[in-house]
Structures are given as C-alpha cells and as structure tokens.
Amino acid sequence: LDIIHNFNEIKSRIDKENGYGKNMFIFHRMPPADHNTELIQIVGKISGKDALFACYEKCLESPYGQIQNWDILSFILSKLDWIIQKKVWIWHEQLPVLSETDIVSYIKCLDIACQSLKDNPDHELSIYFPEQTEKLISDILLTQ
C-alpha cells in the first residue's frame, strides 16, 4: 500500500512538472500539444491591457463579445464552453508589460479561471509562464 501511495505521489509531481493535470500555473517550457489541446499563445511583447485584450479576442474567438475589462476577460476564461478540445493551454512567451495594478488583475483573472474550471470535466486549463516569472506570480497569488 505504501508503494502505491509513493508511486501516485511521484507521478503527480512528474505530471505537474511536465504540464499535465488540471487547472494550474506552470513555470517551464510547454510540452508538445496534441490534437486534443487548444493552444492560446500570448506571444511577443504585449504592452498594455488593451493589447492583451485584443490578443485574447483574436486567439479565443469567444462568442461572448469584445473584451473591454478584466471582469469580461475573467468571465470568458472561466467559461470556455465553445472550445471543443478538453485541454486548454495559455502559453506566455513572456509576461505582458502591464502596470503593477494591471498585472495583479491579470494574474487574478487567470487564477479565477483556473478555480472556476476546477471541477469542470470538459476542460483542463493550464497557464504556462517563463520560469523567471515564477516568484513574481507566486507572490501575487499569495497576496490575493
């Protein structure tokens, strides 16, 4: 029985490190996506919340309309009901350049989406960030 428990614990850690599992923030290179993965790429130097909203609008093609503020982004990311694929990965090539207030709002939106989809059997949400952003994002999540 201890062997099974140890195996499951080790497997869980490996899965998390490799980007498998449900609704989480991941701070390393993204594994290869397959046909069952919807990949949302937040690439390049996105500067300002309006540019970030526009990037999400282009990538998501949401039926819920234009993204004009953090509440709408949070709502849309918490739904994902129009996306067919089970796995939804949001990949950040780099952290968007946002004001301190906006970066906190953005991380909160992503965290709310992860929490909202926690028990959703239709979608698994993983948020990928560069490794060097882990401390900043972890600090933001701890202060919520």
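This is a predicted model: local features need pLDDT of at least 70, side-chain atom pairs count only at pLDDT 80 or more; totals for chains, interfaces and linings use all residues.
Biologist: Got it. What's the overall make-up of the protein in terms of helices and strands?

Modeller: You'll find five helices and four strands. Going from the N terminus, the elements come in the order α-β-β-α-α-β-α-β-α.

Biologist: How do the four strands line up in the sheet?

Modeller: They make an open sheet, and the order across it is E1-E4-E3-E2, with parallel pairing. Strand E1 (24–26) and strand E2 (37–42) are the edge strands, as each of them pairs on one side only. On average, neighbouring strands in this sheet are turned by 20° against each other, ignoring direction.

Biologist: How many bridges join E2 to E3?

Modeller: Six, with E2 and E3 (residues 87–92) running parallel.

Biologist: Is E3 largely enclosed or open, and why?

Modeller: E3 is largely enclosed by the rest of the structure, because five of its six residues are buried. For the protein as a whole, 39% of the 144 residues count as buried.

Biologist: Which strands does helix H4 touch?

Modeller: Helix H4 (residues 100–116) packs on the sheet and touches E1, E2, E3 and strand E4 (124–128). The direction of H4 makes about 130° with that of E1.

Biologist: What about H4 and H5, at what angle do they pack?

Modeller: The angle between H4 and helix H5 (residues 134–142) is about 75°, and their axes are 10 Å apart. Angles from 65 to 115 degrees count as roughly perpendicular, so that's what H4 and H5 are to each other.

Biologist: Which residues meet there?

Modeller: From H4 you have Ile-103, Val-104, Ile-107 and Asp-111, and from H5 you have Ile-137, Ile-140 and Leu-141. Sorted by type, the residues in the contact of H4 with H5 come out as six nonpolar, no polar and one charged.

Biologist: Changing topic: how many disulfides are there?

Modeller: The count is zero.

Biologist: Is Cys-55 buried or exposed?

Modeller: Buried, because its relative accessibility is 16% and the cut-off for buried is under 20%. Cys-109 counts as buried too, with 4% relative accessibility.

Biologist: Last one: what share of the contacts joins residues at least 24 apart in sequence?

Modeller: That's 69%, taken among contacts between residues at least 6 apart in sequence.

Technical notes
Residues are numbered from 1 along each chain as its sequence is written. Side-chain values use heavy atoms; hydrogens and water are left out. A disulfide is a pair of cysteine sulfur atoms within 2.5 Å. Buried means under 20% relative accessible area, exposed over 50%, partly exposed in between (1.4 Å probe, protein chains only). Two strands pair if DSSP finds at least two bridges between them. Helices (H or I, at least four residues) and strands (E, at least two) are DSSP runs, numbered from the N terminus. Axes are lines fitted to C-alpha atoms, for helices over the stretch in contact, and angles run from 0 to 180 degrees between N-to-C directions. Contact means heavy atoms within 4.5 Å. Angles under 35 degrees count as roughly parallel, over 145 as roughly antiparallel, 65 to 115 as roughly perpendicular and the rest as oblique. Ala, Val, Leu, Ile, Met, Phe, Trp, Tyr, Cys and Pro count as nonpolar, Asp, Glu, Lys and Arg as charged, and the others, Gly among them, as polar.
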